[in-house]
Amino acid sequence: MKKPKIKLDKDQLLEFLTTHIEKGVFGLFVLGFIMFCLGAMKHKPYDKVPQQFMDAAQKVDAKVTASTFDPATDVPPMEPLPVARDVPQKVWVTHDEWSRPPFDMKKRRPEPKFLALQDVRVATGYGAVYVHSLGNEDKAAPAPGKAAPAPKAAAPEPAKGGGGLRERALNMAGGKAGAAPAGAVDRPNPNAAVKGKQWAVITGLVPIEAQAKDYRAAFRDARKTDPALDYPRYHSFEVERAEVPVGTAPDADLKWTLLDRKRAEDEEATFSERAADVIDHVFADPVLTRPLFKISGKEHGRSAGHPKIPTGSQAPGTVAPAAPAGGGLRARAMAQAGNAAMANANPSQAKAVEYQLFRCFDFSVQPGKTYRYRVRLVLNNPNYGLGAQYLANAQLAKGQTRQSPWSEASAEVTVPLGFSMLAGGIKPNKQINESKLEVILKMWDSNEAVDASRIVELFRGQVANFPAEDAFVERGDGTAEPKRLSFHTDMMVVDMTGGDTMAMPGGGLRPRAPSQVLVMEPNGKLIVKSELADAEIYESTKQRLKKAQEAAKPPVAADEEEDRPKRRRTEQGGGLSKLNAGADAGKAGKQPRGN
């Protein structure tokens, strides 16, 4: 037989509890009162009576009245007090504000605006660069007729050690930006060899004054200030390059490729000689201004600087941007540089630097190709590692660096094919009634690290290709010698103008108009070469050619050297001898008859 199931009715249960809840609470109160009474009955009463307390107090009073006090024996000896001394002020210096107001009115730290690099420019160059000798004695062999150099000691290894780009830059700069070590220019390292290099140098303007102004505006009223963070400090930079196809191409179609900065740093580490910088150190940054390397037989020139940054040493009134005290590596680098100009200058009349120079080198360029560049600066995060209570946004503390926007793309630059042309003057040719242009063809061989030059004459429509002939060769080690070379440039003279005699007011010498020549390069690009633009390099190269030709002539024997002045007087002064003999005869005929 099945047992009936017990069913609980929620409504009835709720009604039961509502009806009898007061009875349950009263029962619990009565139970607690009973337990309190039982506990009081078990407690023992106090065993002392008031009379006993009175007797104890009288005994203590009688003992105090009968006692005596002797200061010599009852007073313990006291140790001497410490002598007062001056406390250094730095002990009391705190970073927390005293008597702070009940409500903090300062703002939380924002993130300043990071400014992009301005006015990016690119120039190409080539030359024989001094590098650490790694057993390449064949490259550094002496020229014919010269004594062999003394055995070379082991080449100094490039600076090692940890650290990033900034530490390596300071190591290469010797702790001072924009200055070469003593003797780096005039006395090359005897342990150095030469190696042919071709490069593109990218320069630009770092808006250091405007960037520092943005930092000051952002953190002036901040709740948390830190001198090591509240000044712009550059961590590194990034460079992108785009190859421009033949013809015109819109900027949107360019394919930008990030250059390998590690490869460029390794390339710079092989250079053994530093060259004197073209700018003062106050315009240089130890990270953004890459140092100049020494080129055998030439200098970097103005392309290593920027038109808006002065060249050479500056007046005492020019000062570098002042970093706040305690600013870490950047401040130490500027302190090592030693702002000697500011030492004697009047601070009220000092002129701050508006721009610093950005400069880097691209050694991966290929001859004949056209490139455009753009640069992005990388700065240290001014809010890195700070607590969220100081920041407008907790995300601002993440990331050690911040990036500026990309700069505007540079203008197109074409890497030379190894041949170049310097325009000279136009000379009339009366035989064929066609003018001819004198030019200097220059050829650069990176493998041999030689720079050859040759003077030729060209006509309209002529291609500057010439068979093998003795040419003046400058080697990377500074020696010069004639060498039989063929110049195959594939550059054609399309047209030329100039060379006409100009009328001068008042008569006198009538100079010729400077020449210009339109040249088509092998890739089909038309360029204009100007005699005025090439005049300085043209004349210096022409003078070196003449000196090399004179030096290449065979030496004259001693007896022949003695006879040469006599022959010269005989050849050039034969008429003068007859004229002198006639003069002597005339004098004899005018003697007085009486004698």
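This report looks at aromatic ring pairs and at charges placed over rings.

The model is predicted, so local features need pLDDT of at least 70 and side-chain atom pairs count only at pLDDT 80 or more, while totals for chains, interfaces and linings use all residues. Residues are numbered from 1 along each chain as its sequence is written, and side-chain values use heavy atoms, with hydrogens and water left out.

A search of the whole structure finds 12 aromatic pairs. Rings of Phe, Tyr and Trp (its six-membered ring) pair if their centres lie within 6.5 Å; planes under 30 degrees apart are stacked, over 60 edge-to-face and the rest tilted. Let's visit two of them.

| Pair | Centre distance | Plane angle | Class |
|---|---|---|---|
| Phe114 and Tyr215 | 6.5 Å | 65° | edge-to-face |
| Trp199 and Phe293 | 5.0 Å | 90° | edge-to-face |

Phe114 sits in the loop between α4 (89-92) and β1 (118-132), and Tyr215 in helix α6 (residues 208-219), so their pair ties together parts 101 residues apart in sequence. Helices (H or I, at least four residues) and strands (E, at least two) are DSSP runs, numbered from the N terminus. Both Phe114 and Tyr215 are buried, meaning under 20% relative accessible area (1.4 Å probe, protein chains only).

Trp199 in strand β2 (residues 192-206) and Phe293 in the loop between β5 (284-289) and β6 (318-319) are 94 residues apart. Trp199 is buried at 4% relative accessibility, and Phe293 is buried at 3%. Ring pairs also link Trp199 and Phe293 into a cluster with Phe271, Phe361 and Phe363.

Now for the charges: a charge sits over a ring if NZ of Lys or CZ of Arg is within 6 Å of the ring centre and within 35 degrees of the ring normal. The charged end of Lys224 is 5.7 Å from the ring centre of Tyr390, over that ring. Arg374 lies over the face of Trp406, 5.1 Å from the ring centre.

How values were computed. Buried means under 20% relative accessible area, exposed over 50%, partly exposed in between (1.4 Å probe, protein chains only).
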